[in-house]
Amino acid sequence: MSCGPGLFSDIGKKARDLLTRDYISDQKISVSTTTATGVAITSTATKKGGLQSGDVGAVYKYNNILVDVKVDTESKIATTLTFTEIVPSTKTIASIKLPDFNSGKVEVQYFHCHATLASAVSLNKTPTIDISTTIGTPSFVIGAEAGYEPSSGRLTKYTAGIGVNKPDSNASIILGDKGDTIRASYIHHLDELRKTACVGEITRRFSLNENTFTVGGSYAVDSLTMVKAKLNNHGKLGALLQHEIIPKSLVTLSSEMDTKALDKTPKFGLALALKP
């Protein structure tokens with residue numbers, strides 16, 4: 001299922017991840033372990049402002065079935081079942097977050113060497129249907145997605161995009177928000193391990209006549225340490241330091257500040273992910 005162009009959500013994902021992933025403004029600690037039977041268990045505690053929360057999750061894979069269950073401190077139980085190859089070249093994902101029975105959702109993904117198709121249906125009294133498709137190859141892809149609400153007969157969203165992928169770079173253009181926003185991004189990897197990279201993204205929102213230009217990058221100081229930074233034309237500056245303290249265990253320090261309002265207190269975040 002990997003010979004084709006990938007899902008629509010993959011267009012521009014690498015640039016988006018470099019500009020957003022691991023940038024946090026809260027305190028978070030997680031501990032992961034795997035039992036002898038193959039169950040992966042992760043416990044997470046988070047403090048954001050004056051609020052604290054936590055959850056415990058378990059992931060188990062049996063043949064072509066992946067079961068993911070997470071219970072949080074608000075007594076909510078999120079369950080996701082993923083079935084691979086029930087029908088050749090397909091993946092089926094069913095999810096629900098109890099006790100909200102209206103949160104159920106079923107998604108079916110189909111992969112072909114020159115196209116993909118994904119359809120998701122929410123399981124509630126007023127269901128919505130999301131459909132996305134891509135056509136192309138792993139190096140060039142054109143795609144679109146749309147959301148439809150049968151009860152009102154209206155489109156809830158429609159988006160189109162194009163992506164070009166090379167071994168050391170990725171470029172994309174996405175027209176979203178029902179045609180109100182256009183976003184172009186480019187990422188270039190500077191080393192074979194793809195840990196050092198630079199990225200640029202420009203977003204135009206037509207209704208507000210507003211442009212946002214963001215540049216960023218990541219740099220591998222050594223095999224255990226990486227730094228990232230980003231800055232946009234509105235003066236928002238973000239930076240982070242990530243270090244592997246022991247194999248597969250990471251500590252991340254993150255900060256964000258407004259360079260046009262230096263009197264404001266910068267935001268700081270700390271994350272510790274332990275995998276003994």
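**Figure 1. Glutamate 201 and arginine 183 meet in a salt bridge.** In this predicted model, the closest N and O atoms of glutamate 201 and arginine 183 are 3.6 Å apart. Glutamate 201 belongs to strand S14 (residues 197–205) and arginine 183 to strand S13 (residues 181–189), so their pairing ties together parts that are 18 residues apart in sequence. Is glutamate 201 buried or exposed? Glutamate 201 counts as buried, because its relative accessibility is 15% and the buried class covers values under 20%.

**Figure 2. Arginine 154 pairs with glutamate 149.** Here is another salt bridge to look for, joining the side chains of arginine 154 and glutamate 149 with an N to O distance of 3.5 Å. Glutamate 149 is buried, because its relative accessibility is 16%. Arginine 154, at 42%, is partly exposed.

**Figure 3. A salt bridge links glutamate 74 and lysine 76.** The closest N and O atoms of this pair are 3.5 Å apart. Glutamate 74 has 55% relative accessibility, so it counts as exposed, since exposed means over 50%. Lysine 76 counts as partly exposed, with a relative accessibility of 33%.

**Figure 4. Lys13, Asp17 and Arg21 form a network of salt bridges.** Follow the charged side chains here, and you will find these three residues linked together. How many salt bridges does the model have? The count comes to eight.

**Figure 5. A patch of positive charge sits on the surface.** Four lysines gather in this patch: Lys48, Lys236, Lys264 and Lys267. One of them, lysine 236, is placed in strand S17, which covers residues 236–246. Lysine 236 counts as partly exposed, because its relative accessibility is 39%.

**Figure 6. Threonine 159 is a buried residue in the model.** You can find threonine 159 in strand S11, made up of residues 154–166. Its relative accessible area is 14%, so threonine 159 counts as buried. Which residues does threonine 159 touch, not counting residues up to four places away in sequence? Its contacts are Phe8, then Gly143, Ala144 and Glu145, and finally Ile174, Leu175, Gly176 and Asp177.

Technical notes. Residues are numbered from 1 along each chain as its sequence is written. This is a predicted model: local features need pLDDT of at least 70, side-chain atom pairs count only at pLDDT 80 or more; totals for chains, interfaces and linings use all residues. Side-chain values use heavy atoms; hydrogens and water are left out. Patches are made of residues with over 30% relative accessible area and no salt bridge: like charges are joined within 9 Å, nonpolar side chains (Val, Leu, Ile, Met, Phe, Trp, Tyr) within 5 Å. Accessible areas come from the Shrake-Rupley method with a 1.4 Å probe; for residues, only the protein chains shown count as cover. Lys and Arg count as positive and Asp and Glu as negative; His and the chain ends are not counted. The place of a charge is taken as NZ of Lys, CZ of Arg, CG of Asp or CD of Glu. Helices (H or I, at least four residues) and strands (E, at least two) are DSSP runs, numbered from the N terminus. Buried means under 20% relative accessible area, exposed over 50%, partly exposed in between (1.4 Å probe, protein chains only). Contact means heavy atoms within 4.5 Å.
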